[in-house]
Amino acid sequence: MIMFEKNDDYNDEISLIDLIKLLYGRKWFIIKFTLIISLISIAYSLYVPEIYKSEALLAPKSNTQGSLSQMTGSIGGIAALAGLDIGSLGAGSENRSKIAFETLQSRRFFSEYLYENMLVELMAAKDWDRVNNEIIIDQKIYDSKKNVWAQNENGSSGKPSHQKAFKKFQDIFDVYENKLTGFITINIEHYSPHIAKTWVDLIVHSINESMRQIDINNSEKSLQFLVTKLSASNQVTMNNVFSNLIEEQTKIRMLADIADDYVFVTIDPAIANEVREKPKRTIMVMSSMLLSGFAASLYILISQYYFRKRDNFKKKNLD
């Protein structure tokens with residue numbers, strides 16, 4: 001039994017059969033309401049631009065600098081006096097990959113390596129022309145014919161700032177690490193699957209280049225320090241130490257110059273996905289049908305409860 005209200009004067013109970021009869025009697029209202037909402041949902045799902053996702057699977061590169069970590073102990077104290085950290089070049093691959101993982105999500109990395117390369121398609125794109133494989137640019141934001149950003153109301157350039165672009169980038173970019181395997185997945189969502197793939201490739205290349213440049217800069221500082229110490233030293237033993245360290249630093253610099261996958265090795269490269277990521281039209285339509293049918297049934301039940309309560313109240317006052 002389903003109770004709407006019960007008091008001493010009136011028994012406002014309704015059986016399950018009465019409930020089914022009530023809903024069946026209003027079946028055309030439920031069907032019409034569900035049909036209208038479903039049609040709206042279909043129209044909306046067809047209107048919303050399609051979004052494609054491209055992703056790449058990366059693995060941290062094995063440490064090739066083991067010899068450096070062994071030899072830095074003899075010079076670490078001396079280098080520290082000069083404010084240099086040559087030991088960082090001998091850091092384990094796990095530590096370097098963690099630094100690279102956090103760098104990927106930093107505002108500085110986006111500003112230095114990605115901002116200028118993806119700004120127009122990131123901030124001004126509104127759809128993708130599949131036939132011509134062209135990005136549809138919102139001309140109110142960016143004039144693609146003149147290649148200039150629309151002006152603000154005060155007459156200044158409407159070019160998005162680094163902060164605004166980075167915030168938008170965070171909405172379409174995702175990177176996560178598999179704690180069991182240590183593998184890292186990078187993915188980008190965009191109107192164009194080709195742009196999404198290009199950007200994933202750009203990010204992978206840029207993070208390797210960023211970490212490579214850091215190690216090259218550190219290596220150059222270390223070499224300058226070691227050469228200076230070598231020229232100033234009169235002890236044969238220390239000269240041999242400095243010479244060996246210079247040789248090792250030169251090897252590190254050479255490896256940094258020639259290695260393409262410096263921090264991350266690409267296991268599964270990005271592709272231009274042929275299947276859209278969203279909108280998931282079937283799920284949207286089916287969900288809207290179920291929710292609208294439930295909402296219509298709930299409305300009928302609440303209305304019945306309201307009118308039943310109102311009639312009972314009037315009847316009680318008349319008595």
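Rings of Phe, Tyr and Trp (its six-membered ring) are taken as a pair if their centres lie within 6.5 Å, and the planes class the pair as stacked (under 30 degrees apart), edge-to-face (over 60) or tilted (the rest). The views below show a predicted model, in which local features need pLDDT of at least 70 and side-chain atom pairs pLDDT 80 or more, while totals for chains, interfaces and linings use all residues. Residues are numbered from 1 along each chain as its sequence is written, and side-chain values use heavy atoms, with hydrogens and water left out.

**View A. Ring pairs link F110, Y115, F166, F169 and F173 into a cluster.** The search of the whole structure gives 9 aromatic pairs.

View B. Relative accessible area below 20% is called buried, over 50% exposed, and in between partly exposed (1.4 Å probe, protein chains only). F29, at 30%, is partly exposed, and F33, at 31%, is also partly exposed. The charged end of R26 sits over the ring of F29, 5.2 Å from its centre; this term requires CZ of Arg or NZ of Lys within 6 Å of the ring centre and within 35 degrees of the ring normal. K27 lies over the face of Y24, at 4.2 Å from the ring centre.

**View C. Y142 and W149 form an edge-to-face pair.** Their centres are 4.8 Å apart, with 65 degrees between the planes. Y142 is buried at 10% relative accessible area, and W149 is buried at 13%. N147 belongs to the loop between strand 6 (142-143) and strand 7 (148-149). The phi of N147 is near 55 degrees, a positive value in a residue other than glycine, and N147 is exposed at 53%.

**View D. The largest pocket has a volume of about 200 Å³.** A pocket is an open set of points on a 1 Å grid over the protein atoms alone, where a 1.4 Å probe fits, with protein on both sides within 12 Å along at least five of seven lines; lining residues have an atom within 4 Å of a point. Among the lining residues are I51, E121, K168, H190 and K278. Helix 6 (107-123), helix 7 (162-172) and strand 9 (184-190) each give two or more residues to the lining, and helix 7 gives the most, with 3.

**View E. Strand 8 and strand 9 pair in the antiparallel sense.** Strand 8 (residues 173-177) and strand 9 share 5 bridges, where pairing requires at least two bridges found by DSSP. D174 stands opposite N187 in strand 9. The hairpin has 6 residues between the strands, and G182 takes a positive phi near 80 degrees. I188 lies in strand 9 and is buried, with a relative accessible area of 0%. The C-alpha atoms of I188 and V175 are separated by 9.0 Å.

**View F. The peptide bond from K278 to P279 is cis.** Its omega is near 5 degrees. P279 is found in the loop between strand 10 (264-268) and helix 10 (281-318).

Note on methods
Points joined across faces, edges and corners; volume = space filled by probe spheres on them. Helix = DSSP H or I, 4+ residues; strand = E, 2+ residues; numbered from the N terminus.
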